[in-house]
Amino acid sequence: MRLTSKNNGVLEPFLKWAGGKRWLVKKGKNIIPPHYERYIEPFLGGAAIFFSLPESPYIIADSNLELINCYKAIKSNHKEVEKILRLHQRRHCNDYYYQMREYQPRKQCTRAARFIYLNRTCWNGLYRVNLKGEFNVPKGTKNNVLLETDKFEKIAAKLKKGSIMCQDFEKTLAVAGEGDFVFIDPPYTVKHNLNGFLKYNEKIFLGKIKNA
Ligand SMILES: C[S@@+](CC[C@H](N)C(=O)[O-])C[C@H]1O[C@@H](n2cnc3c(N)ncnc32)[C@H](O)[C@@H]1O
């Protein structure tokens with residue numbers, strides 16, 4: 001099966017995400033098995049590969065709670081998320097960005113819309129939190145909160161038939177069985193920064209690097 005990001009109805013990530021695999025979709029690498037029962041992705045991030053695939057039962061997961069909340073909110077009520085995004089677009093300015101950065105909403109859709117808003121207007125779409133788990137990226141140069149490419153309704157439909165989990169990758173991998181297609185894209189670092197472990201936001205990702 002050939003992967004493509006030309007928009008023949010193919011979905012693309014709505015978040016900018018470090019290590020995102022849009023390029024892999026674009027290059028059309030032949031990594032997708034022709035048949036599989038279930039798609040499993042333990043390090044979901046922006047979900048580039050997941051969105052590029054045809055519909056199938058799935059389990060998608062990540063340890064980032066805000067990210068996973070965002071997918072869950074779109075699955076359950078994408079209209080509400082879009083409504084709040086429109087409000088963010090109207091109010092967006094320097095002060096509003098920093099107000100939103102401090103704000104910690106509890107409702108699922110409000111949290112999701114804040115997450116998308118910050119992702120699209122922060123510096124370089126970076127996700128970085130301090131040791132208390134508070135988002136601390138400064139405002140960037142982009143001001144578009146809503147994008148022409150947004151397809152939240154289609155994304156909600158794509159998310160219908162599967163499970164979205166906030167959990168460690170080991171728990172996700174433990175449920176994989178025969179016939180499943182598992183796409184594994186862990187966090188990584190660059191060689192010059194190598195200290196044996198990968199640092200990833202407020203937690204250390206416990207993946208010992210060999211011969212990197
Ligand atoms: C390289 S990114 C995945 C990018 C994704 N393939 C895409 O297309 O955007 C790695 C992801 O692993 C997640 N992660 C880091 N440590 C994890 C862990 N222990 N268990 C599950 N997910 C983890 C991060 O939150 C991040 O979203």
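View 1. Arg120 is buried, at a relative accessible area of 7%; buried means under 20% relative accessible area, exposed over 50%, and partly exposed in between (1.4 Å probe, protein chains only). Asp150, at 19%, also counts as buried. The two side chains meet in a salt bridge, 2.7 Å from N to O, the term standing for a side-chain nitrogen of Lys or Arg within 4 Å of a carboxyl oxygen of Asp or Glu. Arg120 lies in helix α5 and Asp150 in the loop between α5 and α6, so the pair ties together parts that are 30 residues apart in sequence. Helices (H or I, at least four residues) are DSSP runs, numbered from the N terminus. This is a predicted model, in which local features need pLDDT of at least 70 and side-chain atom pairs count only at pLDDT 80 or more, while totals for chains, interfaces and linings use all residues. Residues are numbered from 1 along each chain as its sequence is written, and side-chain values use heavy atoms, with hydrogens and water left out.

**View 2. Two further salt bridges.** The structure holds 8 salt bridges. In one of them, Arg111 pairs with Glu66, the closest N and O atoms being 3.0 Å apart. This pair links distant parts of the chain, with Arg111 in helix α5 and Glu66 in helix α3 (residues 65-91), 45 residues apart. Both Arg111 and Glu66 are buried. In another, the closest N and O atoms of Arg22 and Glu12 are 3.8 Å apart. Arg22 is partly exposed at 34% relative accessible area, and Glu12 is partly exposed at 28%.

View 3. Phe135 sits in the loop between α5 (108-121) and α6 (152-158) and is buried, with a relative accessible area of 10%. Not counting residues up to four places away in sequence, Phe135 has contacts (heavy atoms within 4.5 Å) that include Tyr97, Arg101, Arg114 and Leu118. Arg101 belongs to helix α4 (residues 94-102) and is buried at 18%. Its side chain reaches the backbone oxygen of Asn136 at 3.3 Å.

**View 4. The ligand site.** Among the 24 residues around the ligand, Trp17, Gly46, Asp62, Asp168 and Asp185 come nearest; a residue is counted if one of its heavy atoms lies within 4 Å. Ligand oxygen atoms lie 2.9 Å from a side-chain N or O atom of Trp17 and 2.6 Å from one of Asp62. A ligand nitrogen is 3.0 Å from a backbone N or O atom of Phe169.

Key. Polar contact = N/O pair within 3.5 Å; in protein donor to acceptor, adjacent residues only side chain to side chain. Helix = DSSP H or I, 4+ residues; strand = E, 2+ residues; numbered from the N terminus.
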